[in-house]
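This briefing covers one protein chain. Please look through the sequence and the model before reading the notes.

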Amino acid sequence: MAVLKVKFTKTKRDKLAQILWILNWVSVVSGIILFSLGLFLKIEIKKRNEVMAKGDINSVPNMLISVGVIACIINFLGGKICYDCSDANKFSRWKLVMLPYIVCTFCFTFCILVGALMCYTMRNELEESLYLGLRDAIKFYKDTDIPGRCFLKKTVDLLQIAFHCCGNNGFRDWFEIQWVSPRYLNMASKEVLDRLKSNVDGKFLVDGVPFSCCNPSSPRPCIQYQLTNNSAHYNYDFLTEELNIWVKGCREALLDYYTTIMRYIGIAALLIWLFELSVLIGVRYLQTAMKNVLLLGDLEGESDGWLLENSFVETAKYNINIIKNFGKANQISTVSGMNDPNIDVQNTNCGKTNITTKTIPADR
């Protein structure tokens, strides 16, 4: 029994073909949108790749870009097919192509769904990449004279100013590393030497942060150094007073930024997936209706269209049997000691040695 069977007249078939022709061109536009969203996300990630560790974070934009390109090609072809389906004579040349086209389009729409879901599952990989990348960027903040690292100070400063953040997890991250270049340390100063000797690794650690951590909206002049020393500043309490530096870590700030972008991209991709699925259902009805009208031989008469020719269970069993038979066909049985698998042919004489064979009499 056919699933969701609908009866189509000649007028309904023509209108369905015309509507699907328009919707396929709209789908081409949706493919361009997917491509643009993927390209936008890829550019945004590339902007901050200096503070990101290498990983699979580009898998989502690459997926969206690929799906967008395929969408334009498939829907352009679908528009041509639907346009020709308004004429039964033109449909005959697409008759053998439409079913494979529908199967390929179904797989393609599944890829759109996967791309949309990947936008929501990428957070963990992105968070790890940001954590490792920011950790290294802050670690090499002081290396302004070393090739390959000299740009990191500017990168981190611009990042902290733009995203109103400080450090990797927070401003305390700057307390644990030496972020002042040795060339700017006065080695003749007793205070500098004592601080270097007090550290096991010989690092110049201070309870201070770079200038880019300062909050310009604070009414108080920025306190960058001796943040934990209450006596070093007038009317200042480290534990109770709200600091005039950014408190949020840059990892959290960037993660929130990219998560928001991917959330909106994921919603757009889901809407495009639903639209593509609805167009695919319409193409399936058009294909079955046109196929049946050719079988009936009455091009002006009514014909049935359906989503599935048999029930879901029967269709599933049929496809499973096809897969099983395909697997059995690939199995090659061999006889021990024989190299040619074609020799393994059973004797069908059933023990009979003398079998009379019939010959075709010659013409006289």
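Which residues make a nonpolar surface patch of about 620 Å²? The patch is made by W21, I22, W25, V26, F76 and Y83. The model is predicted, so that local features need pLDDT of at least 70 and side-chain atom pairs count only at pLDDT 80 or more, while totals for chains, interfaces and linings use all residues. Residues are numbered from 1 along each chain as its sequence is written, and side-chain values use heavy atoms, with hydrogens and water left out.

**Overall make-up**

- The protein chain has nine helices and two strands; helices (H or I, at least four residues) and strands (E, at least two) are DSSP runs numbered from the N terminus.
- Along the sequence, these elements follow the pattern β-α-α-α-α-α-α-α-α-β-α.
- Of the 364 residues, 38% count as buried; buried means under 20% relative accessible area, exposed over 50%, and partly exposed in between (1.4 Å probe, protein chains only).
- The chain exposes about 22600 Å², and carbon and sulfur atoms supply 60% of that area. Accessible areas come from the Shrake-Rupley method with a 1.4 Å probe, and for residues only the protein chains shown count as cover.
- Among contacts between residues at least 6 apart in sequence, 72% join residues at least 24 apart; contact means heavy atoms within 4.5 Å.

**Nonpolar patch**

- Patches are made of residues with over 30% relative accessible area and no salt bridge, with like charges joined within 9 Å and nonpolar side chains (Val, Leu, Ile, Met, Phe, Trp, Tyr) within 5 Å.
- For the patch made by W21, I22, W25, V26, F76 and Y83, the elements that give two or more residues are α1 (10-47) and α2 (59-84).
- Helix α1 gives the most, with four residues.
- I22 lies in helix α1 and counts as partly exposed because its relative accessibility is 48%.

- Helix α6 (residues 152-163) and helix α8 (residues 250-296) pack at an angle of about 65°, with their axes 10 Å apart. The contact is made by L159, Q160 and F163 of α6 and C250, A253, L254 and Y257 of α8.
- Axes are lines fitted to C-alpha atoms, for helices over the stretch in contact, and angles run from 0 to 180 degrees between N-to-C directions.
- The crossing of α6 and α8 is left-handed, a term for a near helix turned anticlockwise from the far one by less than a right angle.
- V279 also lies in helix α8, and V279 is buried because its relative accessible area is 3%.
- Leaving aside neighbours within four places in sequence, V279 is in contact with L20, L23, N24 and S27.
- The C-alpha atoms of V279 and W21 are separated by 9.7 Å, with the two residues 258 apart along the chain.

**Salt bridges**

- A salt bridge is a side-chain nitrogen of Lys or Arg within 4 Å of a carboxyl oxygen of Asp or Glu. By this rule the count comes to nine salt bridges.
- R251 and E127 form a salt bridge, with the closest N and O atoms 2.8 Å apart. This pair links distant parts of the chain, as R251 is in helix α8 and E127 in helix α5 (residues 123-139), 124 residues apart.
- R251 is buried at 19% relative accessible area, whereas E127 is partly exposed at 27%.
- D143 and R149 meet through their side chains in a salt bridge (3.1 Å, N to O).
- D143 counts as buried at 9% relative accessibility, and R149 counts as partly exposed at 29%.
- A network of salt bridges links K142, D143 and R149.
- R183 forms a salt bridge with D145, the closest N and O atoms being 2.8 Å apart. The two are 38 residues apart, with R183 in the loop between α6 and α7 and D145 in the loop between α5 and α6.
- R183 counts as exposed at 54% relative accessibility, and D145 counts as partly exposed at 48%.

**Backbone angles**

- Most residues other than glycine have a negative phi.
- H164 is not a glycine but has a positive phi of about 55°. The residue H164 is in the loop between α6 and α7 (190-198) and counts as partly exposed at 42% relative accessibility.
- Q226, also not a glycine, has a positive phi of about 50°. Q226 lies in the loop between α7 and α8 and is partly exposed, with a relative accessible area of 37%.
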